[in-house]
Amino acid sequence: MGNSAIEIAGLRVVRGGTRVIESLDLTVPVGQVVGLLGPSGSGKTTLMRAIVGAQIVDGGSVTVLGLPAGSAPLRRRIGYVTQSPSVYGDLTVTENLRYAAAILGVGADGIRTALTEVDLLDHADQAIGTLSGGERARVSLAIALLGRPDLLVLDEPTVGLDPVLRRDLWNLFHRLASAGVSLLVSSHVMDEAARCDRLVLLRGGAVLSDTTLDELLARTGAPDAEGAFLALVDEAAARDAARGAVA
Ligand SMILES: Nc1ncnc2c1ncn2[C@@H]1O[C@H](COP(=O)(O)OP(=O)(O)OP(=O)(O)O)[C@@H](O)[C@H]1O
């Protein structure tokens, strides 16, 4: 697997007859927090689905932890949190974790560790339906952490969270990365870019840029990630227009 958690070459995805991703190449290094940023509809969720093996792909290769995406041995090694996580509202936090833990063969200690990591021990016996949105989001993350995954794929995990919780979660992501976990975290909140080791900017199903925030700011001369992203979008649109003029 070398130093890459994810290697994607020439990925092509068609959904509902629409070409959503066209020839996408991407490398996600091991032990880093990589942000996947881009406007609504740019293909973030589709790309994540392809990485976790939940998306039929039409071409290219997706290699995850050295294995083809979707391989059975990867199931335990990847933690995936979707935008609408499925937890059982009438069960308690612990009961939900116990259910997932039984599938993964994880014991009571593992449940306690996961709850501690997301700071939910105080809510362990509370029914999911009575939790706040932020608490519920952390239950999903705790479930994803249960199998001690090598790769975490998190689809907008901080949506709707207050600034304190968002900061705490990003601190947790970096603690996990320091322990060797690789994280791919999508967001369309550009101020979260500053918290990532690397940034992948998507537009129209293609990678517009894959670099560090510092390099991105230096390259575009923009004051922040949002400005840099807009500069790159304008640059790409100008290129598209020039190509159209030649054709
Ligand atoms: N089943 C489908 N049929 C047709 N088009 C689809 C289907 N699923 C997704 N798409 C289209 O694929 C594109 C990418 O969707 P995707 O959910 O990956 O974007 P996203 O970047 O995650 O968006 P958001 O930030 O809003 O969650 C969108 O234009 C969407 O409308």
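**Close-ups of the ligand site and the helix contacts**

View 1. Start with T46: an N or O atom in its side chain sits 2.5 Å from an oxygen atom of the ligand. That is a polar contact, meaning a pair of N or O atoms within 3.5 Å; within protein, one must be able to donate a hydrogen and the other to accept it, and residues adjacent in sequence count only if both atoms are side-chain atoms. R15 uses its side chain instead, with an N or O atom 3.3 Å from a nitrogen atom of the ligand. Altogether, 14 residues surround the ligand, and the closest are S40, G41, K44, T45 and T46 (a residue counts if one of its heavy atoms lies within 4 Å of the molecule).

Keep in mind that this is a predicted model: local features need pLDDT of at least 70, side-chain atom pairs count only at pLDDT 80 or more, and totals for chains, interfaces and linings use all residues. Residues are numbered from 1 along each chain as its sequence is written, and side-chain values use heavy atoms, leaving out hydrogens and water.

**View 2. Helix α2 against helix α3.** Here α2 (residues 93-104) packs on α3 (residues 108-117) at about 125°, with axes 10 Å apart. Helices are DSSP runs (H or I, at least four residues), numbered from the N terminus. Axes are lines fitted to C-alpha atoms over the stretch in contact, and angles run from 0 to 180 degrees between N-to-C directions. So α2 is oblique to α3; angles under 35 degrees count as roughly parallel, over 145 as roughly antiparallel, 65 to 115 as roughly perpendicular and the rest as oblique. On the α2 side, V93, T94, L97, R98 and A101 make the contact, and on the α3 side I111, A114 and L115 do (contact means heavy atoms within 4.5 Å).

**View 3. Helix α2 against helix α4.** The axes of α2 and α4 (residues 133-145) come within 10 Å and cross at roughly 30°. That makes α2 roughly parallel to α4. Look for V93, N96, L97 and A100 of α2 meeting V139, A142 and I143 of α4.

**View 4. Helix α4 against helix α5.** These two pack at about 10°, their axes 12 Å apart, with α5 covering residues 163-178. They are therefore roughly parallel to each other. G134, R138, L141 and L145 of α4 touch L165, L169, L172, F173 and L176 of α5.
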